[in-house]
Amino acid sequence: MRFPGIPPPTTMASSGSNSLIWFRKGLRIHDNPALGYAARGSTALYPVFVIDPRYMEPDPSAFSPGSNRAGLNRIRFLLESLADLDLNLKKLGSRLLVLKGEPTDVLFRCLSEWSIKKLCFEFDTEPYYQSLDDKVRKYATAAGIEIYSPVSHTLFNPADIIEKNGGKPPSTYQSFVKLAGEPSWISSTLLSDLNRLPSVGNVGNCPIIEVPSIKELGYEDTPEDENTPFKGGESEGLRRLKASMENKEWVANFEKPKGDPSSFIKPATTVLSPYLKFGCVSSRYFYQCIQEVQRNCKKHTSPPVSLLGQLLWRDFFYTVAFGTPNFDQMKDNTICKQIPWKIDDELLAAWRDARTGFPWIDAIMMQLRKWGWMHHLARHCVACFLTRGDLFVHWEKGRDVFERLLIDSDWAINNANWMWLSCSSFFYQYNRIYSPISFGKKYDPNGNYIRQFLPILKDMPKEYIYEPWTAPMSIQVKAKCIIGKDYPKPVVDHNLASKECKQILYEAYELNKRLKGNLSGEDLENLRNKHEEDKRPPKSKRLKQTTID
């Protein structure tokens, strides 16, 4: 077979040369064009992964175990994915070569010492990897090394979509879908039929190590019940994908706004997001699998709400992120509304550490801390609560917490969703908020989800479990949970806080409109001060509040 996107044999490097495939994401054998190209015509193939201190070195000062960028759950998931990749490479007569250090320094040494003539790596849209790749390309080009860097982490090439749109990313999902059309590889066979890879050549003096354990990286291991139940790797990802696709009726009827965010024994989604994030499962192969199910169903949902539509959302966010400077911040971000968010470390810590006093919010944040994952509607609830719903804390602060703790944390998608949920971009109906009380109660009236992740409330009667501060003292004593002592009182009055949030958002939107988005730091500070001086909205501008129950 030929991998989609691989040039025909006439453009291949000469036979008998040494090739290196640099794994970053794309931790898989199936649908891996870079691997297929690296293997062809090579005498020796060096599959390399570099442990980057930026992401992997322990940081004792962080608020949770892990590095300064990633929590322990995601680091463990990555190590499991690397171990699985190593095992799958060994089945093909190869192995994974793990090295530690600043990636470009390590790579330059390997390219030189191993006399590499062909360097292959999957294209990455993140600014950090774009910067690394620019350095690597310059070095390799100067050294006469052939480079092959295919787009295979997404369904489409973001640069192609932006070019089709006149040099700027599409601003809406609908315009993206219209521009994208049908993927060019849709009829290709994406599962690899590789039965053998070129052997690894002499590694010389390069300090190769095995895939390290958590302890070998300098971390203390944690109890099993404190770890995410989701194990990393291509093998587990493909098993999960197959199991999801076998439930054809569920796949055909999937509808994004629906689903139970309180379901934890069997999550109400595929939980394939971390496998897509690390490239353990190809989004292109996932797309084909969904299409196969839909072809054999009389009726199915359609984008944007369908399962296929979710993969298109992923590509839309990747494309906008790739084409928007400063996408990960409010300042100097042309698609982000300028809003005078609070910087309140106490409120942020209460939210982050599951101490808001709202059990539905705190249970979600505890699931995030323990599992590194929660249902998308649960994410919506806590993001809304932190920003425009109640606390009015800057979305960048919440983004940083998610970036650290989520096993599926993805630069483009995480930033896009935080802008969306804070009504800073993409979605602007700021009067629609998620109730931190009634929204969860609708799905789980008995509070089983709360009892699971906040065991201090396990004996609280269902009548009070979403609002334990309203329970009579006799009930609190019987439940062995005194509010204000064993479990915190609410950090805000939800009804009052949400009205205040909406008023300042109204004023911020008006100012953004008047100044065409060109707000200065002084403009934001003046608006913030004005709001602090008089938090009561003028009678003539009182806003209708719609709470999402």
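A word on burial before we click anything: buried means under 20% relative accessible area, exposed means over 50%, and partly exposed is in between, using a 1.4 Å probe and protein chains only. This is a predicted model, so to speak of local features we need pLDDT of at least 70, and side-chain atom pairs count only at pLDDT 80 or more, while totals for chains, interfaces and linings use all residues. Residues are numbered from 1 along each chain as its sequence is written, and side-chain values use heavy atoms, leaving out hydrogens and water.

**Stop 1**

Select Phe426. Its phi is near 70°, a positive value in a residue other than glycine. Phe426 sits in the loop between α17 and β6 (432-434); helices here are DSSP runs of H or I with at least four residues, strands are E runs of at least two, and both are numbered from the N terminus. Is Phe426 buried or exposed? Its relative accessible area is 18%, so Phe426 counts as buried.

Now jump to Lys480, in the loop between α20 (473-478) and α21 (494-514). Lys480 also has a positive phi without being glycine, near 55°. With 56% relative accessibility, Lys480 counts as exposed.

**Stop 2: a cis peptide bond**

Select Pro303 and Pro304 together. The peptide bond from Pro303 to Pro304 is cis, with omega near 10°. You'll find Pro304 in the loop between α11 (283-295) and α12.

**Stop 3: the cores**

Next, colour by core. A nonpolar core is a set of buried Ala, Val, Leu, Ile, Met, Phe, Trp, Tyr and Cys residues joined through side-chain atoms within 4.5 Å. In soluble globular proteins, nonpolar side chains tend to be buried together. The largest core here has 150 residues, and the members touching the most other members are Leu27, Leu96, Met245, Phe286 and Trp351. Helix α12 (residues 307-323) gives the most to this core, ten residues. There is also a second, separate core of 21 residues, with Trp22, Cys110, Ile116 and Phe121 among them.

Zoom in on Leu27 and show its contacts (heavy atoms within 4.5 Å). Not counting residues up to four places away in sequence, Leu27 touches partners including Phe49, Leu78, Leu82, Leu85, Phe278 and Cys280.

**Stop 4: an enclosed helix**

Select residues 345-352, helix α13. Six of its eight residues are buried, so α13 is largely enclosed by the rest of the structure. The buried ones are Leu347, Leu348, Ala349, Ala350, Trp351 and Arg352. These buried residues pack against α14 (359-371), α15 (376-389), α16 and α17.

**Stop 5: a pocket**

On a 1 Å grid over the protein atoms alone, a cavity is a set of points where a 1.4 Å probe fits but cannot get out, and a pocket is an open set with protein on both sides within 12 Å along at least five of seven lines; lining residues have an atom within 4 Å of a point. Points are joined across faces, edges and corners, and a volume is the space filled by probe spheres set on them.

Which residues lie nearest the centre of the second largest pocket? Select Tyr55, Glu126, Tyr128, Tyr129 and Lys277, from a lining of 31 residues. This pocket holds about 600 Å³ of space. The largest share of its lining, four residues, comes from α5.

**Stop 6: two cavities**

There are two cavities of 30 Å³ or more. The largest has about 60 Å³ of space, and β1 gives the most to its lining, with three residues. To see that lining, select Ile21, Trp22, Phe23, Arg24, Lys25, Gly26, Arg28, Asn32, Ala34 and Glu122.

The second largest cavity, about 50 Å³, is lined by Phe123, Asp124, Thr125, Val151, Ser152, His153, Thr154 and Pro158.

**Last stop: Thr154**

Stay on Thr154, in the loop between β5 (146-148) and α6 (158-164). Thr154 is buried, with a relative accessible area of 5%. Leaving aside neighbours within four places in sequence, Thr154 is in contact with Ser283, Arg284, Arg314, Asp315 and Tyr318. To finish, draw a distance from Thr154 to Phe316: they are 162 residues apart along the chain, yet their C-alpha atoms are separated by 9.7 Å.
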